Amino acid sequence: MIRLPLDVHDPCARHRVEQMYWAMRSVKRALQRDARDAVEAYWAGDVRRETDAKAWRLELGLSREGMERRAYRHMEKSKHLGHHVTKALVMHQADEVFETSVSRHLFPDASGRRHGRPKVGRWWEYTHIPGRARSHTTARKWETFRLHGTLAGHVAAYRHRGLGRSVTTPEQAAALPPGAKVLEQPRHLPTPARPSRRVPTGEATAKGKPKTRAATWWDHTGPLAVVFTGGTDSSRGDLVLPVRLPSGSGRWPRLVHFLDNPETWHKIDLVRRRDASAPGGWAYEAHLMVLAGGYTSSATRARRAAAAVLERVGGVDGNVSNLSVVSFPATFDPSHGDVEATRVDLSDDELAALANSRQKERGRNRALDRSRRASNPTQYGPSKRQQTRAERRAAADLPARTVQVPRGARTANKAGVPQQAYRRDTLSAGYRLMGLAGLERLGAVAASR
């Protein structure tokens with residue numbers, strides 16, 4: 001699988017993508033509610049469950065086909081879903097709800113544990129729209145998100161001005177030394193236009209005149225783009241999202257491995273992630289599944305081959321501040337080699353960068369706490385210093401001052417439970433942006449690990 005960043009700077013395209021997410025999230029929410037009600041009825045029917053559990057599940061629609069039929073009914077009864085999504089998207093959303101919620105609850109795993117009953121997720125947690133895989137037996141059958149264009153066409157359209165004239169193919173670009181620039185893509189990628197020419201079919205009429213047909217997206221050989229045909233009732237045409245590729249030559253061997261052969265492209269899922277700097281607060285990606293093995297660089301293959309020749313068994317122990325690696329002969333015979341151990345520690349520069357990052361994180365958390373307290377002053381009491389100050393001013397007959405940011409504990413009952421849940425607090429726009437930046441940083445750290 002390879003992640004392809006999408007350019008959604010166009011307000012119309014971004015609005016259509018947001019409407020698609022709203023529509024698909026409403027479908028998933030309706031399916032989750034239906035699944036929860038059906039599961040409740042399943043466990044309530046003791047006699048039917050003990051007599052024939054499978055028949056009782058099928059009657060309640062607790063199956064893959066049953067969830068798909070529920071999704072179809074929701075789409076047919078709705079007045080707006082047909083403008084934004086297709087039945088193929090709705091079907092795969094129903095399959096995902098069945099596999100992740102219903103199946104894991106009804107059937108225990110190998111250890112005998114089962115998941116809880118289906119719950120309705122939040123809007124911020126809905127980040128993935130599953131697509132439908134293309135048909136490898138029927139030509140030009142890709143019913144949801146499709147990837148059109150070629151890697152060579154992308155290089156030809158956004159060729160870097162410093163790239164040598166001898167580099168004309170993606171393979172030649174992948175062979176460039178690290179640090180060389182291959183692409184020069186603008187900040188806002190232009191939307192590729194659908195081909196409008198006539199394409200010969202290879203046949204001839206009775207009079208010997210060559211037959212032609214109108215070109216489609218399947219004949220597009222320019223820059224890469226993800227295309228969605230829209231809902232069955234949509235009249236806005238195709239949704240075209242340009243793809244942005246890495247410009248450095250160091251990433252091109254991996255791009256050639258995944259994108260150079262369109263016959264291996266199998267399925268595309270539309271994924272979004274939070275990005276405070278992106279228009280609308282979300283960055284969108286196309287996760288392309290390719291019917292090929294994972295990419296391994298030549299240096300990694302050589303290193304693995306050299307390690308296999310050693311015929312040693314190794315182990316890794318990850319500690320809080322260091323990493324220990326121990327290896328010994330595979331025959332467990334001390335005469336065949338000694339036990340070797342290596343300890344990997346952080347350098348002084350890495351320790352300084354880590355301390356700086358922790359200091360920034362503490363400052364960000366304090367700023368978030370001040371913002372929450374300032375937006376919800378009635379939910380917090382004054383600190384001891386603020387209370388002493390208020391008593392001193394009252395004793396001196398001075399007017400009381402309004403506490404803008406109370407520093408005390410949160411107002412709670414005798415059991416220590418806050419009187420108002422944190423999720424009901426009023427949050428400022430700055431708080432949301434600052435919290436979003438923290439989540440993005442945590443996601444980047446997790447992705448790097």
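A residue counts as buried when its relative accessible area is under 20%, as exposed when that area is over 50%, and as partly exposed in between. Keep that scale in mind while looking at this structure, which is a predicted model.

**Salt bridges**

Let's start with charged side chains. The structure holds 23 salt bridges, and three of them are set out here.

| Pair | N to O distance |
|---|---|
| Arg161 and Glu184 | 2.5 Å |
| Glu203 and Lys211 | 3.9 Å |
| Asp369 and Arg373 | 2.9 Å |

Take Arg161 and Glu184, whose side chains meet in a salt bridge. Arg161 sits in the loop between helix H6 (151-157) and helix H7 (170-174), while Glu184 is in the loop between H7 and strand S4 (198-204), so this pair ties together parts that are 23 residues apart in sequence. Arg161 has a relative accessible area of 69%, so it is exposed. Glu184, at 30%, is partly exposed.

Now for Glu203 and Lys211, another salt-bridged pair. With a relative accessible area of 49%, Glu203 falls in the partly exposed class, because exposed would take a value over 50%. Lys211 is also partly exposed, at 36%.

Is Arg373 buried or exposed? Its relative accessible area is 12%, so Arg373 is buried. Asp369, on the other hand, is partly exposed at 34%.

Salt bridges can also join up: Arg64, Asp95 and Glu99 are linked in a network of them.

**A buried Asp without a salt bridge**

Next, have a look at Asp34 in helix H1 (residues 11-44). Asp34 is buried but has no salt bridge, and the nearest side chain of opposite charge, Arg70, is 4.4 Å away. What Asp34 does have is a polar contact of 2.6 Å between its side chain and that of His74. Beyond its neighbours within four places in sequence, Asp34 is in contact with Arg70 and His74.

**Three strands side by side**

Finally, find strands S10 (residues 312-318) and S11 (residues 322-329), which run antiparallel and are joined by seven bridges. A hairpin of three residues links S10 to S11.

Note on methods:
Residues numbered from 1 in each chain as written. Predicted model: local features only at pLDDT ≥ 70, side-chain atom pairs only at ≥ 80, totals over all residues. Heavy atoms only, no water. Pairing = 2+ DSSP bridges. Helix = DSSP H or I, 4+ residues; strand = E, 2+ residues; numbered from the N terminus. Buried < 20%, exposed > 50% of the residue type's maximum accessible area, 1.4 Å probe, protein only. Lys, Arg positive; Asp, Glu negative; His and termini not counted. Salt bridge = Lys/Arg side-chain N within 4 Å of Asp/Glu carboxyl O. Polar contact = N/O pair within 3.5 Å; in protein donor to acceptor, adjacent residues only side chain to side chain. Contact = heavy atoms within 4.5 Å.
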